[in-house]
Amino acid sequence: MPSRSSPVYASSSPAYESYTPSSSSSSSSSSSSENIIYGGTSSYPPPRKAWVDPKSLANCGDASQIQGNVSPYVKQLILNTFIAYGAGDEHCFGHSVAKAVKFIDISAHESHEKQGRMEATTTAEVLVSKSMLNGAGMLHGGCLAFLIDNCCSTPLVALGLIQNINGVGVTQAMNIIFHSPAPIGSCLRIISTSIAMGGRIMSARCEVINKKTGSVVASAYLNKMQPTLSKL
């Protein structure tokens with residue numbers, strides 16, 4: 001993990017780090033665009049108590065093979081969050097499905113269309129197995145919804161870690177369009193991108209693509225929210 005005084009961007013092809021503003025960083029005299037975006041506590045709302053803090057989770061799995069320009073630290077925290085809350089233990093619903101997911105890339109960039117606002121994208125792959133099928137021999141819609149719910153949440157976790165806010169929430173709404181079936185043995189690529197992150201409401205979009213044929217299996221929009229702790 002970088003020191004508190006280290007820059008957010010390491011080079012022209014930045015490796016985005018988890019960044020916590022400090023008194024030294026906020027008083028820096030640097031005028032670079034990086035410090036304008038990240039350098040002061042006024043850029044983001046004050047931290048609120050998180051119901052799930054990715055930094056408190058034990059390491060689960062190996063994130064060293066995941067590509068992308070976010071730091072290894074951020075990649076590991078995202079993987080920890082996905083496994084801890086997406087897969088859970090062996091008795092949890094969908095455990096074997098979530099464990100079959102492999103993250104390929106986790107990246108972030110400043111969106112020109114959004115006037116420089118940060119956008120995070122995660123790419124994961126999963127091989128359709130017999131236990132994921134419906135009676136017609138195709139990937140079950142409920143299984144696909146489970147995959148989308150968990151994978152589409154990860155760019156929000158990534159964006160939260162980069163911006164030093166909590167990006168872990170509970171699903172409020174999910175709209176899925178099923179485009180084509182996926183038979184056993186299909187390798188599905190799940191590409192998820194953050195849309196917006198507010199004080200409590202966060203949203204992301206997702207496409208599930210058959211890696212071999214290029215056909216879109218499903219597309220989705222996901223809304224998540226920070227729960228009220230007293231209700232948990």
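Is Cys-60 buried, partly exposed or exposed? I looked this up at the start, keeping in mind that the model is predicted, and I noted that Cys-60 counts as partly exposed because its relative accessibility is 23%.

**Cysteines.** I then searched the whole structure for disulfides and found zero. For Cys-206 I looked up the closest cysteine sulfur, which belongs to Cys-152 and lies 4.7 Å from the sulfur of Cys-206, too far for a bond, because a disulfide calls for sulfur atoms within 2.5 Å. I also wrote down that Cys-206 has 4% relative accessibility and therefore counts as buried.

**Ser-153.** My next entry concerns Ser-153, which I located in the loop between helix H5 (141–151) and helix H6 (154–163). With a relative accessibility of 10%, Ser-153 counts as buried. Leaving aside residues up to four places away in sequence, I listed the residues that Ser-153 touches as Ile-148, Leu-222 and Lys-224. I also looked up the separation between the C-alpha atoms of Ser-153 and Asn-223, and I recorded 8.9 Å for these two residues, which are 70 residues apart along the chain.

**Helix H5.** Finally I turned to H5, asking how many of its eleven residues are buried. I found that eight of the eleven are, so H5 is largely enclosed by the rest of the structure. The buried residues I noted in H5 are Cys-143, Leu-144, Ala-145, Phe-146, Leu-147, Ile-148, Asn-150 and Cys-151.

Technical notes
Residues numbered from 1 in each chain as written. Predicted model: local features only at pLDDT ≥ 70, side-chain atom pairs only at ≥ 80, totals over all residues. Heavy atoms only, no water. Buried < 20%, exposed > 50% of the residue type's maximum accessible area, 1.4 Å probe, protein only. Helix = DSSP H or I, 4+ residues; strand = E, 2+ residues; numbered from the N terminus. Contact = heavy atoms within 4.5 Å.
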